[in-house]
Amino acid sequence: MKHLLALVISATLSSTVLAETAPAPQATDSKITIDTSKLYVGFGLNHNRIDQSSFGGSDLKANGFQLFAGYEYGNKKGFDIMAEAGVIKSKDFSQTNQDADGIWVAGVVKKDLPEINNKLAALVRIGYGINGDDGLLMGFGAQLRLQPKAVVRLEYLNKDLTQSYQVNAVYQF
C-alpha cells in the first residue's frame with residue numbers, strides 16, 4: 001500500500017512539474033472557414049415503396065421530392081468523402097394516411113469511374129432519417145457530370161420501412 005501511494009504521489013508531482021515547465025501553447029487565430037467551392041445543393045424526385053407482398057398484401061407506393069445540401073471533405077485514397085442533409089416530402093402511401101416525410105443526414109462516398117467514362121461516378125451512402133421513416137438508411141447509385149458544376153444522380157435507398165428510387169440534380173458552387 002505504501003508503494004502504491006508513493007507511486008501515485010510521484011506521478012502526480014512529475015506531471016505537475018512537467019506541466020509547469022512545458023512551454024505554453026502559442027495563441028493562434030482559429031477561425032473556422034468553409035470552402036464554398038465544396039458546397040453543393042440538390043433537388044430530386046423519388047418513388048417510394050413499402051413491400052407488403054411477403055405478408056400477403058400489395059405494395060404501398062408514393063411519389064415525392066427532396067431538397068438537400070452537402071459538403072465535400074476531400075479525397076481519401078481515390079474516394080471522395082461527403083456529408084449531406086436534406087428533407088424529403090411525399091404524398092400519402094396508397095390506402096393509408098402515412099407518408100415518408102422527414103429529414104435525414106448521410107455520409108456519402110463517391111468513386112470516379114474513368115475506366116468506363118470520365119464523367120461517371122459510383123455512389124454509396126449511409127445515414128439516418130427522422131420522422132416519416134425513422135431509422136437507418138443505406139443506398140447506392142451513379143452520378144453523371146453534365147457540366148463542370150452540374151451533375152445528375154440515379155440512386156436506390158433502402159430505409160427502415162421504405163425503398164426509394166431517386167433521380168437528383170446537383171449544383172456545385
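The model is predicted: local features need pLDDT of at least 70, side-chain atom pairs count only at pLDDT 80 or more, and totals for chains, interfaces and linings use all residues. Residues are numbered from 1 along each chain as its sequence is written, and side-chain values use heavy atoms, with hydrogens and water left out.

The protein has one helix and eight strands. Helices (H or I, at least four residues) and strands (E, at least two) are DSSP runs, numbered from the N terminus. Along the sequence the pattern reads α-β-β-β-β-β-β-β-β. The protein has 173 residues, of which 31% count as buried. Buried means under 20% relative accessible area, exposed means over 50%, and partly exposed lies in between (1.4 Å probe, protein chains only).

Strand pairing was examined next. Two strands pair if DSSP finds at least two bridges between them. Strand E1 (residues 39–50) pairs with E2 in the antiparallel sense over twelve bridges. Within this pairing, Asn-46 has Gly-64 in E2 as its bridge partner. E1 is also joined to E8 by ten bridges, and these two strands run antiparallel. Here the bridge partner of Gly-42 is Val-170 in E8. E7 and E8 are antiparallel too, joined by nine bridges. They form a hairpin with four residues between them.

Tyr-40 is placed in strand E1. Its relative accessibility is 2%, so Tyr-40 counts as buried. Tyr-40 and Phe-68 are 28 residues apart in sequence, yet 8.5 Å apart in space, C-alpha to C-alpha. Phe-43 is also found in strand E1. Phe-43 is partly exposed because its relative accessible area is 40%. Phe-43 and Phe-65 are 22 residues apart along the chain, and their C-alpha atoms are separated by 7.4 Å.

A pair of aromatic rings is described by the distance of the centres and the angle of the planes. Rings of Phe, Tyr and Trp (its six-membered ring) pair if their centres lie within 6.5 Å; planes under 30 degrees apart count as stacked, over 60 as edge-to-face and the rest as tilted. A search of the whole structure finds six aromatic pairs. One of them joins Tyr-71 and Tyr-73. This pair is edge-to-face, with 5.2 Å centre to centre and 75° between the planes. Tyr-73 counts as exposed because its relative accessibility is 53%. Another pair, Phe-140 and Tyr-156, is tilted, at 5.7 Å centre to centre and 50° between the planes. This pair links distant parts of the chain. Phe-140 lies in strand E6 (residues 135–147) and Tyr-156 in strand E7 (residues 150–158), 16 residues apart. With 22% relative accessibility, Tyr-156 counts as partly exposed. Tyr-156 also stands opposite Tyr-165 in E8. Ring pairs link Phe-140, Tyr-156 and Tyr-165 into a cluster.

A charge also sits over a ring. Lys-111 lies over the face of Phe-79, at 5.7 Å from the ring centre. The criterion requires NZ of Lys or CZ of Arg within 6 Å of the ring centre and within 35 degrees of the ring normal.

Rolling a probe the size of a water molecule over the atoms shows where empty space is left. On a 1 Å grid over the protein atoms alone, a cavity is a set of points where a 1.4 Å probe fits but cannot get out; lining residues have an atom within 4 Å of a point. Grid points are joined across faces, edges and corners, and a volume is the space filled by probe spheres set on the points. The search of the whole structure finds two cavities of 30 Å³ or more.

The largest cavity holds about 170 Å³ of space. Its lining has 19 residues, of which Ile-88, Trp-104, Leu-137, Leu-157 and Lys-159 lie nearest the centre. At least two lining residues come from each of strand E2 (60–76), strand E3 (79–90), strand E4 (102–112), strand E5 (120–131), E6, E7 and strand E8 (163–172). By class, the lining has eight nonpolar, six polar and five charged residues. Ala, Val, Leu, Ile, Met, Phe, Trp, Tyr, Cys and Pro count as nonpolar, Asp, Glu, Lys and Arg as charged, and the others, Gly among them, as polar.

The second largest cavity has a volume of about 30 Å³. Tyr-40, Met-82, Lys-110, Gln-143, Val-151, Arg-153, Val-170 and Gln-172 line this cavity. E7 and E8 each supply at least two of its lining residues. Four lining residues are nonpolar, two are polar and two are charged.

Definitions and conventions
1 Å grid on protein atoms, 1.4 Å probe; cavity = no way out; pocket = protein on both sides within 12 Å on 5 of 7 lines; lining within 4 Å.
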